[in-house]
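Morning, everyone. Please have the structure open while I talk.

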Amino acid sequence: MAEGVQIYSGATDKGLEGVVACTTGVSSIQDNTLSFRGFTIEDLAENSTFEEVTFLLWNDRLPNSSELKEFKNELSKNMVIDENFFQVLKQIPTQKVHPMAWLRTSVSLLSHWDVQAQDNSETANRSKGIRLVAQMGLLVCAFEAIRNGKPMPQPNKDKSLAWNFMYLLHGGVEPKTEHVKIFDLCLILHADHELNCSAFATRVTTSSLSDLHSAMVSALGALKGPLHGGANEAVMVMLKRIGTIEKAKQFVQDALQAKEKVMGIGHRVYKNGDPRAAILRKLSQKLTLDMGEPQWYQISTLIDETMFKEKGLMPNVDFYSATVYYSLKIPVDLYTPIFAVSRISGWIAHAMEQYANNRIYRPRGQWVGKKDQKWTPIEKRNT
Ligand code: ACO
């Protein structure tokens with residue numbers, strides 16, 4: 001935009017609502033329907049796997065069977081944490097540190113072990129992308145092992161990313177097939193989401209022609225916040241605080257009265273409900289019942305209904321994913337890192353798209369500060 005070109009103000013000043021910041025063929029939200037590369041999320045949730053969805057996001061088409069086999073092989077081969085790197089990971093504090101902060105640091109460190117870290121060619125980015133997707137879940141499980149002073153089990157290279165995540169997280173206990181399927185579905189649902197805050201952060205960093213790991217670190221920083229990926233953890237903390245169904249309605253009314261946000265509710269784009277939340281709601285109902293703790297689903301639905309009645313707002317992806325993860329015995333502070341384990345596939349797709357058709361992001365700020373200030377020597381300043 002040249003100087004003198006009209007600058008947006010007013011409604012676009014906060015949060016860029018309604019602003020189209022780039023063209024993209026990765027994922028779209030149209031008429032309340034979420035699609036990855038033209039496939040609806042419902043179709044992918046029903047039929048696909050996380051590995052296949054990652055291939056789709058990066059290649060703009062579904063793989064044939066030999067391509068999928070090869071892609072999975074590549075991921076499996078890279079499901080490994082270098083021993084020297086692991087020793088360094090052990091030095092990063094894990095107590096009184098949010099796992100997302102730990103993960104952000106670890107991904108940044110990981111680049112020092114990647115011989116292609118500074119290579120921005122498409123071939124290198126694909127190879128780095130494979131390594132990052134394969135290792136992201138391992139990093140989260142390494143955090144869990146390190147903070148509990150336990151050894152990290154070896155991944156099983158014949159199994160999927162979802163299977164390995166559940167297996168490693170739970171100290172080498174074989175996960176139930178049904179739980180692996182559900183976790184894989186969660187990974188699919190979170191894999192991408194148009195120009196959300198962290199995808200935008202990815203694209204902004206990529207647009208300076210910085211490297212892929214740096215773009216992932218930017219994205220992780222953006223995802224960490226409670227208004228974005230951090231909300232899933234906040235939902236479970238809220239449910240625990242409420243504790244019983246009798247207290248749920250009052251909790252919401254008090255929060256609204258105090259003008260506090262109810263976590264996991266509302267969305268900038270979806271005004272008629274997040275399609276991912278509809279899928280997760282069913283899973284939450286089943287899993288909390290199977291676990292013998294249906295109160296978490298019951299409290300959730302009461303909040304959901306009260307928020308709709310009071311504010312016309314509906315749950316987003318983070319709302320029912322909280323109780324799904326809780327039922328899968330995942331520690332509450334790992335919910336947002338799990339989001340990253342999945343969303344990294346989408347971030348990489350956005351980075352690839354940005355590199356392929358780049359122009360640096362450089363918007364303008366509308367000046368609202370002081371004007372015509374005059375320098376005062378320090379000894380003459382009163383304030
Ligand atoms: N609880 C209470 N009120 C809410 C909520 C909520 N969760 N969400 C929106 N509102 C209200 C606001 O107070 C505001 O009301 P007002 O007009 O009376 O002042 C109105 O709805 C608009 O809210 P904004 O915050 O301006 O909406 P925005 O589009 O900027 O934000 C967001 C969307 C961040 C998702 C918001 O709904 C929110 O903070 N939700 C809770 C956090 C959350 O769940 N984040 C995860 C989002 S999904 C994801 O990123 C993976």
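Predicted model: local features only at pLDDT ≥ 70, side-chain atom pairs only at ≥ 80, totals over all residues.

How much volume does the largest pocket have? About 1600 Å³. It is lined by 48 residues, and those closest to the pocket centre are Cys197, Leu227, His267, Arg268 and Val269. By class, the lining of this pocket splits into 23 nonpolar, 14 polar and 11 charged residues.

Now, where does that lining come from? Six elements give at least two residues each: strand S1, at 27–30, and helices H9 (197–207), H12 (248–257), H14 (295–311), H15 (317–327) and H16 (335–356). S1 has the largest share, with four residues. In terms of domains, at least three lining residues come from domain 1, which covers 24–224 and 342–356, and at least three from domain 2, which is 231–327.

Next, the ligand. Which residues are closest to the ligand? There are 21 around it, and the closest are His228, Val262, Gly264, Ile265 and Arg268. Arg268 has come up already, as one of the residues closest to the centre of the largest pocket.

Arg268 places a polar side-chain atom 2.7 Å from a ligand oxygen. Asn316 also uses its side chain, with an N or O atom 2.9 Å from an oxygen of the ligand. With Leu227 the backbone is involved: a backbone N or O atom sits 2.9 Å from a ligand nitrogen. As for burial, the ligand on its own exposes 910 Å², and the protein buries 68% of that.

How many cavities of 30 Å³ or more does the structure hold? One. The space in this largest cavity is about 90 Å³. Its lining has 13 residues, and Gly137, Leu138, Leu161, Phe165 and Val341 are the closest to the cavity centre.

Helices H6 (122–147), H7 (161–169) and H8 (177–190) each contribute at least two residues to that cavity lining. H6 gives the most, five residues. And is there any charge in there, or none? The lining of the largest cavity has 11 nonpolar residues, two polar ones and no charged ones.

That's what I have. Questions are welcome.

Conventions. Residues numbered from 1 in each chain as written. Heavy atoms only, no water. 1 Å grid on protein atoms, 1.4 Å probe; cavity = no way out; pocket = protein on both sides within 12 Å on 5 of 7 lines; lining within 4 Å. Points joined across faces, edges and corners; volume = space filled by probe spheres on them. Nonpolar A, V, L, I, M, F, W, Y, C, P; charged D, E, K, R; others polar. Domains from an automatic or database assignment. Near = heavy atom within 4 Å. Polar contact = N/O pair within 3.5 Å; in protein donor to acceptor, adjacent residues only side chain to side chain. Areas by Shrake-Rupley, 256 points an atom, 1.4 Å probe, with all protein chains shown as cover.
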